[in-house]
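This report describes a single protein chain, going from its overall make-up to particular residues. The sequence and the model come first.

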Amino acid sequence: MTLLPSHPQRWLALIALSVVLGAGGNLLHIPASLMLGPMFAAIAFALRDYEMKANPGLFAAAQSIVGCLIASSMGPEVVARFAADWPIFIGGALATLFVAFGTGILLAAFRILPGAVAIWGSAPGLATAMVLMARDSGEDFRMVAFMTYVRVVMVTLGASALAMTLGEESSAHAVTTASQPWFWPVAPIPMLATLATAAAGLFLGRLVRLPAPNILGPLVLGTILHASGLVESFAVPRALLAVAYMVVGWGIGSRFTIETIQRARTVFPAVLVAIAAMMGTCFLLGLGLSHIANVSIATAYLATSPGGMDSIAIVAASSPVDVGFVMTLQTARMAAILLLGPWLARTIAKRFVHPRAADQSAD
């Protein structure tokens, strides 16, 4: 009988594999490789049935640093652009919501997935909330989680590939970290401002119960500080940023357990096709948005991508795109999901209640 490696050995092996994959992708100039490498390493370990979940506090800290990094691209010009072009941002956010829930309706209507699982699993954001609502409604919440995180992985890979091939924005728009040293020296004031904003934003985001508070709290607070001129720039050593990307990648990859994969085995091809169709439709939306808003195709697609905000933020920050535009529309979409998502999901789900679940509730 093969003995499982001890817990410390597993973590050392996970870290080593993450570094190798992340560094290899970085050498090949793959956007977000420092997150993608650890994500695939975590998937490999999860499929070996190794419990490798990062500490929730560490995961929250990693997301908060990413939020501050993105805030450095959200200057006064971004606020002015939203004020001038708000119909574009709101319209893009609602269009993405329509595509996502439309995909779920088709999956449910053709009975590819049981009950309202397809509706909860197609929602582009608030993954934890959708999983919990699916559980409370008596649906298979593990299938919802599976569909959600498969979509996050596919969207992240697609967005990374598209950004690498089609990114055309001026470097003035991109969040560049290559100029930062790996360890030291880093300008002390920007680094202290980054750490303080990350901590305060994380606290305030949870205090006011923002959706995705780990990243949105520091992002909103950092944007206010940067746009008002109170903080000129945010900066951290590239090594710390790489660790943050690694932890975010682990958080995504560790969701793919053997139990979940086995449970979803029969519908896996259909889920892949549905997510690919959703991505393709969002790409068409991006083409239209690119023309209307006068931004690159890569920027428009990242803005409309139905993936997780933290993963899209990392891809955008690692790519030659207009990060401010991407994150403004993603934030608008998050607000739309917060206001309309739960109501839409419940309303649509009632139309597609699994017959067996309906019979049980009648009893």
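Two residues are in contact when they have heavy atoms within 4.5 Å of each other.

## Basis of the report

The model is predicted, so local features need a pLDDT of at least 70 and side-chain atom pairs count only at pLDDT 80 or more, whereas totals for chains, interfaces and linings use all residues. Residues are numbered from 1 along each chain as its sequence is written, and side-chain values use heavy atoms, with hydrogens and water left out.

## Overall make-up

The protein chain has 16 helices and zero strands. Helices (H or I, at least four residues) and strands (E, at least two) are DSSP runs, numbered from the N terminus. Of the contacts in the protein chain with a separation of 6 or more, 78% join residues 24 or more positions apart.

Buried residues account for 51% of the 363 residues. Here buried means under 20% relative accessible area, exposed means over 50%, and partly exposed is in between, using a 1.4 Å probe and protein chains only. The chain exposes about 16,700 Å², of which carbon and sulfur atoms supply 68%; the areas come from the Shrake-Rupley method with a 1.4 Å probe, and for residues only the protein chains shown count as cover.

## Nonpolar cores

A nonpolar core is a set of buried Ala, Val, Leu, Ile, Met, Phe, Trp, Tyr and Cys residues joined through side-chain atoms within 4.5 Å. The largest one has 89 residues, and the members touching the most others are I70, L113, Y245, L302 and M327. Helix 7 (residues 141–166) gives this core its largest share, twelve residues.

Beyond its neighbours within four places in sequence, I70 is in contact with L219, A313, A317, V323 and M327. A second, separate core has nine residues, among them F89, A293, A303 and F325.

## Aromatic pairs

The structure holds four aromatic pairs. Rings of Phe, Tyr and Trp (its six-membered ring) pair if their centres lie within 6.5 Å; planes under 30 degrees apart count as stacked, over 60 as edge-to-face and the rest as tilted. The pair F89 and F325 is tilted, because the ring centres are 5.0 Å apart and the planes meet at 45 degrees. F89 lies in helix 4 (residues 76–109) and F325 in helix 15 (residues 323–351), so this pair ties together parts that are 236 residues apart in sequence.

F89 is buried at 1% relative accessibility, and F325 is buried at 2%. Ring pairs also bring F82 into a cluster with F89 and F325.

## Two residues of helix 7

R151 lies in helix 7 and is buried, with a relative accessible area of 3%. Its side chain reaches the backbone oxygen of P306 at 2.8 Å.

M164 is also found in helix 7. M164 counts as partly exposed, because its relative accessibility is 42%. Apart from neighbours within four places in sequence, M164 is in contact with H29, I30 and P31. The C-alpha atoms of M164 and V315 are 9.7 Å apart, although the two residues are 151 residues apart in sequence.

## Helix 9

Eleven of the 15 residues in helix 9 are buried, which leaves the helix mostly covered. The buried residues include N214, P218, L219 and H226. Just after helix 9, G229 takes a positive phi of about 85 degrees.

Methods. Polar contact = N/O pair within 3.5 Å; in protein donor to acceptor, adjacent residues only side chain to side chain.
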